[in-house]
Amino acid sequence: MTMEFQSVAKRVGVDTHIYETNLTLSEAGFNVLLGATGAGKTTLIKLMAGLESVSSGRILLNGEDVTARSPQKRNVSLVHQFFVNYPHMSVFENIASPLRIARVAEDEIKRRVGEAAELMRLGPYLERRPAELSGGQQQRTALARAIVKDSALVLLDEPLANLDYKLREELRDELPRLFADRGAIVVYATSEPSEALLLGGFTATMREGRVTHFGPTAQIYREPRDLATAQVFSDPPMNVASVEKQGAQIRLGDGARWAASGAIAAAPDGRYTMGVRPNFVSPTEDGADRVRIDGKVLVTELSGSESVAHFELPGAIWVSQSHGVHPYEVGESRAFYLDPSRCLYFDAAGARVAN
Amino acid sequence: MAQIDLKDLRHSYTPDPASEADYALKRMDVCWRDGGAYALLGPSGCGKSTLLNIISGLVAPSEGRILFDGQDVTHLPPNQRHIAQVFQFPVIYDTMTVYDNLAFPLRNRRVPAERVDQRVREIAEMLELGDRLSSRAAGLGPDDKQKISMGRGVVRDDVNVIMFDEPLTVIDPHLKWKLRSKLKELHQRVKLTMIYVTHDQTEALTFADEVIVMQDGRIVQIGTPVDLFERPTHTFVGHFIGSPGMNLLPCALAGDAASYRGRTIPLAEAPTKAAAGAKLELGVRPEFVRFVDATDPAAIPVDVVRVADAGRHRIVETRAGEDRIFLLAPEGDAIPDGAAHVAFRRERTRVYADGWLASDQTGA
């Protein structure tokens, strides 16, 4: 099963909400839309559902043009960030509602609702009203309704954003398993890079109405096509700096320099933007080839398992994220160590320098 | 600024509480030092909002007293407690400028204009809002609006405590980092007593000097982020903090060590507090589990069933019989396929009896 966007764009008046997008989604794993608020995730989801019409381009479902098809006829389930349930109905009837509309036989309804409730651990609450449930249970009711329907297309728009941290962790772990082997195309919008990583599957990074990159999640994370993709897919934010490549050497400001390796070695001399994730900038020299960078510690955060330092170097504020507990002093100037093999380089147009 | 003491505090929403279960807040004694950064952490319904409302004066406790710098404020109305609050959704006046928004709490209290100006500029500079003082708040992004809320909280000289109620829940991750570090910096500079309420462990642990973990109306542990991580005193804390949480495995005692699946598991702290008949569990965080050779004396045979890529590390799920054991492997480390062996780091392996830590801290 596939859903294909062919040159789809969405304009409202003079504003472009979605720039021309080509994208093919399949049922082989979650399709994550990753981007900040306002990047266009919800608009893209509404176009998929048929809740908004495209300004140009076509949407194909299994090769069939569904661009003009109404939401009712697209066989879609949609779950929002804010739990939407029927307040006057029991949990059972809430989950059963799409089956009732489809006139499914009573014992078939019982069976399927029971199965979905079991998956969502709602078994004991089937007779309750939504208002008598916790937020997590209400959202699981909405998710159960999406599962029971056996839709071809399941659209989840930040479904865990309003839930408690631990519950989110649990559901994030379960959701891909719940939808695996159901033959549905699942689209999942989130603003959290860590969530995209753990959901796996495929990721489309979005910024300002554009899909900047689409592909297997781990690949998008490690080999982003451009600076925008790398920045969207980094939490804490990626450290960036302007560097000068001269022959076989990379220079950062007046101080740090290191040997160019990988694709950058073959690139022409000149200025590049270098990006490096905070976990590759350490307060200790963990390897022989590490590059020393001096900075002034501005803010420190200690989570027990990790230490984070925000530090200032000429012209930039960087973040170092390391395992364990590091005794930083706010205001101190100290050395940090960069792993040059983990640096990404981007040209003036923002494209990553790759082989 | 003030030290806050909660003395024998207890609260029930029912008029005649008959049993412990009727209390939304179980009995607690807490001292929050002047100028400290504290977090109240727990899942929805754990009682953290009730506690917050008691401190701010919106709810009068059924029992016990609240002291600000030794003065009893238990029955003082909210407006006389000099508390500033920052909520999940920024509470600001859209039609006012950034300057007027920041000045509002001071003008309300008839602070002289000169002092207002000085304070507003000082706070705006700390929050990097200095160049936008004359902009209308309506045109600002969600992060700047939340900064104004924070600024309005700290602008007054006379606040005893500033309380944050899930202030970053609706903020995007990238901006969260910025705001969190701003807040941290603000605390380092103004040294106000701050209480931060959240269900998000990352926010609690990175913000606070000391975290109060709550469950079912009870404080289960008060400690530094490092304490909570390295030495949780209850399995709830072990589970709730950390992602994934602590591995908890059924075990038995073997003298000063534990026994798990026929293996002797060495411990750094003897489980002297384990009463006979208690349910015993071995607790070890995924960060302190590693793959070892089969020849290692403490090796536990497992099957690797799943590997999730979390970016800077991978979360490896293994099975030992029915038990799930998680471990974290740094990015780039090799992970065995199928059958493997794991071992636990001795200094970080604990025994819990009926949920509570069964050992006392031994000198390091």
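Two strands count as paired if DSSP finds at least two bridges between them, and here eight bridges join β17(A) to β18(A), which run antiparallel. Helices (H or I, at least four residues) and strands (E, at least two) are DSSP runs, numbered from the N terminus. This is a predicted model, where local features need pLDDT of at least 70 and side-chain atom pairs count only at pLDDT 80 or more, while totals for chains, interfaces and linings use all residues. Residues are numbered from 1 along each chain as its sequence is written, with chains lettered from A and ligands numbered from 1 in the order in which they are written.

**The sheet in chain A**

- The β17(A)–β18(A) pair belongs to an open sheet of five strands, ordered β15-β19-β16-β17-β18, with antiparallel pairing.
- β15 (281–282) and β18 (316–323) of chain A sit at the edges with a single partner strand each, so one side of each has no neighbour in the sheet.
- To find one bridge by eye, go to Ala309(A): its bridge partner in β18(A) is Ser320(A).

- Taking contact as C-beta atoms, placed from the backbone, within 7 Å, 31 residues of chain A touch 31 residues of chain B.
- On the chain A side, the elements giving two or more residues are α5 (165–179), α6 (193–199), α7 (217–222), β16 (291–302) and β17 (306–313).
- That side of chain A splits into 15 nonpolar, 10 polar and six charged residues. The classes are Ala, Val, Leu, Ile, Met, Phe, Trp, Tyr, Cys and Pro for nonpolar, Asp, Glu, Lys and Arg for charged, and the others, Gly among them, for polar.
- From chain B, helix α5 (residues 173–190) lies across β16 and β17 of chain A, at about 75 degrees to β16(A). Axes here are lines fitted to C-alpha atoms, for helices over the stretch in contact, and angles run from 0 to 180 degrees between N-to-C directions.

**Helix packing in chain B**

- The axes of α2 (residues 98–108) and α4 (residues 142–154) of chain B come within 7 Å and cross at roughly 30 degrees. That makes α2(B) roughly parallel to α4(B), going by cut-offs of under 35 degrees for roughly parallel, over 145 for roughly antiparallel, 65 to 115 for roughly perpendicular and oblique for the rest.
- In this contact, Val98(B), Asn101(B), Leu102(B), Phe104(B) and Pro105(B) of α2(B) meet Ile148(B), Gly151(B) and Arg152(B) of α4(B). By class, they are five nonpolar, two polar and one charged.
- α2(B) also meets α3 (residues 113–126) of chain B, with axes coming within 9 Å and crossing at roughly 130 degrees. That makes α2(B) oblique to α3(B).
- The α2(B)–α3(B) contact has eight nonpolar, no polar and two charged residues.

- Most residues other than glycine have a negative phi, and most peptide bonds are trans.
- The bond from Asp235(A) to Pro236(A) is cis, with omega near 0 degrees, and Pro236(A) lies in the loop between α8 (227–232) and β11 (239–246) of chain A.
- Ser243(B) and Pro244(B) are likewise joined by a cis peptide bond, with omega about -5 degrees.
- Arg121(A) isn't a glycine, yet has a positive phi of about 50 degrees; look for Arg121(A) in the loop between α3 (106–119) and α4 (135–148) of chain A.
- His82(B) has a positive phi of about 55 degrees and isn't a glycine either. This residue lies in the loop between β5 (71–72) and β6 (83–86) of chain B.

Terms used
Two residues are in contact if their C-beta atoms, placed from the backbone, lie within 7 Å.
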